[in-house]
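Here are my notes for your first look at this model. Keep the sequence and the 3D view open side by side as you read.

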Amino acid sequence: MPDESVKVAVRVRPFNQREKDRSAKLIIKMQGQMTTIANPETPNEEPKSFSFDYSYWSHDGFQEKSDGVLEPAGGSSYASQRRVFEDLGQGVLDNAFEGYNCSLFAYGQTGSGKSYSMVGYGQNKGIVPITCDEMFKTMDKNADPNKRFEVTFSMLEIYNEQVRDLLSKDNPKGGLNVRQNPKLGLFYVENLKRVPVGSYAEIEKRTDQGTASRTVASTNMNATSSRAHTVVTITFDQIIKSESGSETKKSSVMNLVDLAGSERADSTGATGDRLKEGANINKSLSALGNVISALADLSMGTKKKIMVPYRDSVLTKLLQNALGGNSKTIMIAALSPADINYDETLSTLRYADRAKKIKNKAVVNENPLDKLIRELKEENERLKKAMEGGGVVMQEGAGLTPEELDKMRKQMEEDIRAQLMANQAMIAENAQSWDDKLAEARTETEKIDVGGADNSRKSKEAYLINLNEDPMLSGVICHFLNSGETSVGRKDASPVPNICLSGLSIQKQHAVIFNKKGVIEIESVSGSGSKTKINGIPLTGRKALCHKDRILFGSNHMYVLMNPLKPETADNSLPKEITWEYAQKEIAQVKGFATGSAGLSKEQQIVQEQVLEILPMVSEVNAVSEELNKQKSFEVVLISAAAQEGGDITQSHASKSKGLVHITRVTVKMKNLLNGNTWLWERGKFITRRYLIQELYQKFLDGENISNIPKEQDPFWEPTEDVLIGTSNLFLQSLSYCLDFEDTLNISDYKGQEEGHLKVKLEPCDNKGKPIDEEAFVDDPHELLNKPYHFKLTVENANIHKSRFSKGIMVKYSVKNNGKVEEVKTPTVKNTLTPTFNHSKVISIPKLKQENLDFFESGCITLSIYGIQEDTMPDPKLLKLNTRELREASMYQDLRALTINQELRQMENMENSTANASGRRATMFGNEIASDTSHLKTEVVLLQRKYERLQQKERRMQQICEEWSKKPDGEKQFEPFYRAVSAVANSTGTRLKTRVQMLNQDGKHAGDGDTISLFVFDENEHELAQEASQNNGVVDYHKVAHHHYPDLQLSKAKTDSVIEEKDGTQGDQDSFGSVDLEPYMNADPEDSADRSKRFTQNGNRTGLLSDINTKREVLKPARNAVSEYSANKKTPSKSNGKRPSSADNNKTESSACVLQ
């Protein structure tokens, strides 16, 4: 038969509830065989197009019939389950009757609808059950007495590269072995149970058995359904008797594969983990992708020599025939329609596009039955002789050592022995009649109880029904609650409990449920230390249960109580159907995490989703740590954007829109409960470790000794690393005015709690780090644009609160220096909690742009303070405690420390009415306070500078008035007086340098004098400025002596100057004591717009403004006189020059109003 390409279909599902809650946008379109996907981040970009054999639109356009079956609405292109079967499943069925091997596998990310297409839900049966049903219907129509049918069914699961038989209760440690048939070269699962079935009902019951087995395993944490592949194999044999009496077998193997979720490994961020390579997450799918790529290249002839890597995983070994072999294969790719899944959906489309290039060579599997038996016997004889002769003789050489040769010989002998046993089993099977085998299997099938029980009882009796993260596994296990007491616990308890559970945190005697005439109550067994939660709240004492209450036994066993006798007890706010997601949200809410999506941005929704995903994992890992006594605890930590390291001085608001900013990170903190060392793991790293922890726990359950494993292979062990004590945000507003800035910043941890203080200094400087003088101060930051800019950041010292960080402390930050991102690190200072760094870094911006000024105004550099951790010996008393006791002690200490910190800092005053209304604690992060404090400090300095300038301006105007008052009456002409006063009133002042001769004790001049700066307000200030520019910036003192007022104490342009308190005492520069921060501390965090306004009503800033306004009142009479004269004077005197224009008057007025 000629080569035939793999048929590929894609199917898009409707929005799920989570996507509806997040107002997701549709990114998939379909027309005929064409599927397009639009990138939500670049809406103007042309959508990417793909062409497949079938493109199924199942997103909308459907209606529900009375029996629950979904069908297309009028004029809709909706693809129903039946249509998908007719296109795909019917082809599988037809090929099976013709004697071809068939394979159908579903691919896509978790939750994309793979299982719905393969298995279905409720009345909407999927491809697998419809195919099986139609197969038996066709067999029943057979009227040929010389043709009979034999059907066998098997169901297995591949998880962590281990094969588990879902139809068998006894699976060996490490799973079933996968062997290779030495004659055919194909792989098979050794000792896999293949059950004869004679009807669709029997297949359905066996499928339920396998599904229940998956559910129990998933709940016991042996496997996670979204990470496991399920393979259903139906062997369909047609035995045809010829006229001569010989029989021919036409055999077809149908592989129906539901692959694990295709989440990309890199999307979890598990980079940098030392144990990443040891985890088998997605290994099978990665290997499958490599096989598909190699086969595609082979089919297209792009490469001559290609080795198809079937051996790289268990999955690809078993699918060898389906891909590139003797099989007719169909792939259905399930797509999510939502914009939030764009990357994963695009990856799925590309995967499917690659798969359609594969070509298979299918042949009819038809052989005489006696020939098959004869060949089996002949092969057995050859194998026996090989075994008797010492196995396979290996030639030495070929670069193999004697040890490697011996290992290979033993492996081949083992394979021969396994094949020999398999052949003997097949011969024995053929010796037994089909009817006998079917009768035995039916007897076993009838005894199967998958926990679903009689549906008629569900309307009369109370029962528990399971919930699972995989919707296909929810509602599979049912436990009826008989009258009286129903005990819950492990099967090794004595007496054996009525409901036997196993897995994490399940005690021998766990809980007791009481049923008294439909009134249900539950109570934990006293002294067992069992963990049970009711509606997310830990169970303490005896509690009455209501209809639809959620019960969590241990860490994984989630059930819903259904009480048809008391349905009115259910909470009216509950949804119609309780789901796993709802129950997990409830637990998260009790722990204090918000679960509502209203008003959240896309990034916040993603973070919320990740938190809800990771919370049950953290609970699970904590339970494993307790059971294995690993002395470690885990907790979810959200690192806000403001608390992350990596501030960039050149980052602007424009760059934020391009995604160049930090977003909140979901991390997990691991803590050593013996010595207090901590590690912060990225979400992806934790998911990988959790997977390995599951493996370790499974070995423990299997009875292996895990106490002696090397620490490097222990997923709970991690080498010590620097720990982030906290961060400080250094705000840069002062740089916009070329001001020095020195401050003591709070060091805040990820919770916003104070961990210490850090003293830093910002200084504008030249490119060599030499501070520029205060004359560089600018009123308008735009004067700095398009010029080189340099400043020096000095980390002076720190003061850390917690003694465990005394082993060593350093500071890290990142900046863009000369256009390149640079990581800066101070030296590590050891054996002190008050390290002195005095570490300086000159940062250069070649050409200052507006985005730099924007960042100076509202941005910051984040300084990350790290502590050195060492593997110290713990307190001997702690070694006597187990992990649970250590966790409880640690939680008590943390709570006590938090209480003390709250009392010291009066945190209770920060809980405003909004927090009280929501019932949860409000947290105000330290960087919000630091930001406003920094801005206010800079603003006060700017006001000081303006105040000093107005003081000099006022003194100059008083001086002019005094000079004119002393003139003889004949010289008192108003025009010259008006011109002099107007020049000062209209002037913003020119800063000039001059030298003042200082007198020594003898009254003589000493040295060349001191250089001072002063403001000149005069008609000739332009000429004086020109003279200064020609004389190295210095002007003769005698020409500006009348502008020098020694009695005015001018402050330097630095924020570290001591500010006078209201009572005349000196305020502390670090606490900024002259400013009343009480209004800010009580302010709503969202009310930042009013902070500045309310702040001006308090402290010295009000005093400064008051003084300025007082001085303005002094100037008011002169200004009014000038304005009145200007208004009444018809024509200016020619001898007195040009009269000021109305524009000049406006300028004067606006100058006077600038500080209002």
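Does Tyr789 count as buried or exposed? At 5% relative accessibility, Tyr789 counts as buried; buried means under 20% relative accessible area, exposed over 50% and partly exposed in between, with a 1.4 Å probe and protein chains only.

Before the points, a word on the source. This is a predicted model, where local features need pLDDT of at least 70 and side-chain atom pairs count only at pLDDT 80 or more, while totals for chains, interfaces and linings use all residues. Residues are numbered from 1 along each chain as its sequence is written, and side-chain values use heavy atoms, with hydrogens and water left out.

1. Stay with Tyr789 for a moment. Tyr789 forms an aromatic pair with Phe791, with 6.4 Å from centre to centre and 55° between the planes, which is tilted. For such pairs, rings of Phe, Tyr and Trp (its six-membered ring) have centres within 6.5 Å; planes under 30 degrees apart count as stacked, over 60 as edge-to-face and the rest as tilted. Phe791 has 0% relative accessibility and so counts as buried.

2. The structure holds 20 aromatic pairs. In one of them, Tyr107 and Tyr351 have ring centres 3.9 Å apart and planes at 10°, so this pair is stacked. Tyr107 belongs to strand 9 and Tyr351 to helix 8, so the pair ties together parts that are 244 residues apart in sequence. Helices (H or I, at least four residues) and strands (E, at least two) are DSSP runs, numbered from the N terminus. Both Tyr107 and Tyr351 are buried.

3. Now find the largest nonpolar core, which has 46 residues. Such a core is a set of buried Ala, Val, Leu, Ile, Met, Phe, Trp, Tyr and Cys residues joined through side-chain atoms within 4.5 Å. Leu288, Leu323 and Met331 have the most contacts inside this core. Elements giving two or more residues to the core include strand 9 (102-107), helix 6 (283-300) and helix 8 (342-355). Leaving aside neighbours within four places in sequence, Leu323 is in contact (heavy atoms within 4.5 Å) with residues including Phe105, Leu288 and Tyr310.

4. The expected span is 1.5 Å times one less than the number of residues. For the 19 residues of helix 15 that gives 27 Å, and the end C-alpha atoms are 27 Å apart, which agrees. In helix 15, 15 of the 19 residues are buried. Gly703, with a positive phi near 90°, follows helix 15.

5. Ile693 sits in helix 15 and, at 1% relative accessibility, counts as buried. Not counting residues up to four places away in sequence, Ile693 touches Val621, Val624, Pro715 and Phe716. Phe716 is also part of a cluster, linked by ring pairs to Phe634, Trp681 and Phe686.

6. Strands of a sheet pair through backbone hydrogen bonds, either parallel or antiparallel. Two strands pair if DSSP finds at least two bridges between them. Eight bridges join strand 36 to strand 43 (residues 860-867), and the two run antiparallel. Leu730 has Ile861 as its bridge partner in strand 43. Eight of the nine residues of strand 36 (residues 723-731) are buried.

7. Finally, trace an open sheet of six strands with antiparallel pairing, in the order 23-22-32-31-28-29. Strand 23 (478-480) and strand 29 (537-538) are the edges, each pairing on one side only. Leu464 stands opposite His479 in strand 23.
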